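Reader: I am new to this structure. Please pick the sheet and its salt bridges, and take me through them closely.

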Amino acid sequence: PPPAGAEPGSGALNPFDRRLKRKQKNWAALQAEPAKCDYLREEVGGRIADRVFDITRTFPLALDVGSGRGYIAQHLTKETVEKLIQVDIAENALKNAVESEIPTVRVVADEEFLPFKEDTFDLVVSSLSLPCRIQSVLKIQQVLKPDGVFIGAMFGGDTLYELRCSLQLAELEREGGFSPHVSPFTAVADLGHLLARAGFNTLTVDTDEIQVNYPGLFEVMEDLQGKYILCMGESNCSWNRKPLLHRETMLAAAAIYQEMYGNSDGSVPATFQIYYMIGWKYHESQAKPAQRGSATVSFGDLAKIEGLLKRGKK
């Protein structure tokens, strides 16, 4: 077997343990009431669907990468997407998928190694499941048809900053060092560079924040471990993760969390930063930017527009 972190067939290293990722998502999908912990993914799935509706065309074949229980599909219509293929690394998530009106095929596969031919799909969507790695985005670009579009969402770099800061300060104080307990997230500038390197053009990247309030740090941790994070497959599965936190460290972190970020009513916030991205695969029919230096109007003339408009009305 390849060494820990090595990718099959390449010399590149993967910072995440994909086998652990699969176990986490399968475990989460078997919880008694998974719908209770899915409202964040359902909210983001709805916002991705809104971006699909903004494109005035019908997509004959679409792919949902890391579909989970179908958080995007339940918001789409068959007038927009004629056929959908859902892919997820966890078979239990696909077994418990929410039914939609769109004819759907479900495939168990690693999101980083999509088993499809090039130029297959008219649309690819992904909600909070795609690893921010060039190999993953390159594969999506390859399976898209020319003039196909990719619409996705992933966690931003400020996600759970309150929790991460509190844990780091507590570990430094009580244990003399700290280890990551939440998977690392990307920066918005890196995301734009990633899409461009993968060959996408006409890029759009925007950010949003969703804040959830909890009674305290222990409720945050319980919700993330048993609901949000594990249900979204985003708990820390990096190779250098630390297996546990000492009780004294957790108590110190709870006090730091409350002192630094606590609300006036005694609750504490947890912030989820979401990056939304849209990228198109090149096609000759797409609009092209004008050549450099071909402009006929100067930005300095913008100040004259109001006067010209008044003169035109007279």
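**The sheet and its salt bridges**

Author: Start with Asp122 and Lys145, whose side chains meet in a salt bridge (3.7 Å, N to O). Asp122 counts as buried, at 16% relative accessibility. Lys145 is partly exposed, at 31%. Salt bridges with shared partners also join Glu43, Arg47 and Asp208 into one network.

Some ground rules. This is a predicted model, in which local features need pLDDT of at least 70 and side-chain atom pairs count only at pLDDT 80 or more, while totals for chains, interfaces and linings use all residues. Residues are numbered from 1 along each chain as its sequence is written, and side-chain values use heavy atoms, leaving out hydrogens and water.

Now the terms. A salt bridge puts a side-chain nitrogen of Lys or Arg within 4 Å of a carboxyl oxygen of Asp or Glu. Buried means under 20% relative accessible area, exposed over 50%, and partly exposed in between (1.4 Å probe, protein chains only). Helices (H or I, at least four residues) and strands (E, at least two) are DSSP runs, numbered from the N terminus.

Back to the sheet. Its 7 strands form an open sheet with mixed pairing, in the order β3-β2-β1-β4-β5-β7-β6. At the edges are β3 (104-108) and β6 (200-214), each pairing on one side only. Neighbouring strands are turned by 15° against each other on average, direction ignored. Helix α6 (residues 188-197) packs on this sheet and touches β5 (144-155), β6 and β7 (268-281). The direction of α6 makes about 145° with that of β6. Contact here means heavy atoms within 4.5 Å. Axes are lines fitted to C-alpha atoms, for helices over the stretch in contact, and angles between N-to-C directions run from 0 to 180 degrees.

Strand β2 (residues 84-88) pairs with β3 in the parallel sense, over 5 bridges. Leu84 has Thr104 of β3 as its bridge partner. Two strands pair if DSSP finds at least two bridges between them.

Asp206 is partly exposed, at 28% relative accessibility. Arg51 is buried, at 19%.

Helix α2 (residues 39-53) also holds both Arg47 and Glu43. They stand 4 residues apart, about one turn of the helix. An α-helix has 3.6 residues a turn, so residues three or four places apart point the same way. The side chains of Arg47 and Glu43 meet in a salt bridge (2.8 Å, N to O). Arg47 is partly exposed, at 22% relative accessibility. Glu43 is partly exposed too, with 37%. In the whole structure, a search finds 8 salt bridges.
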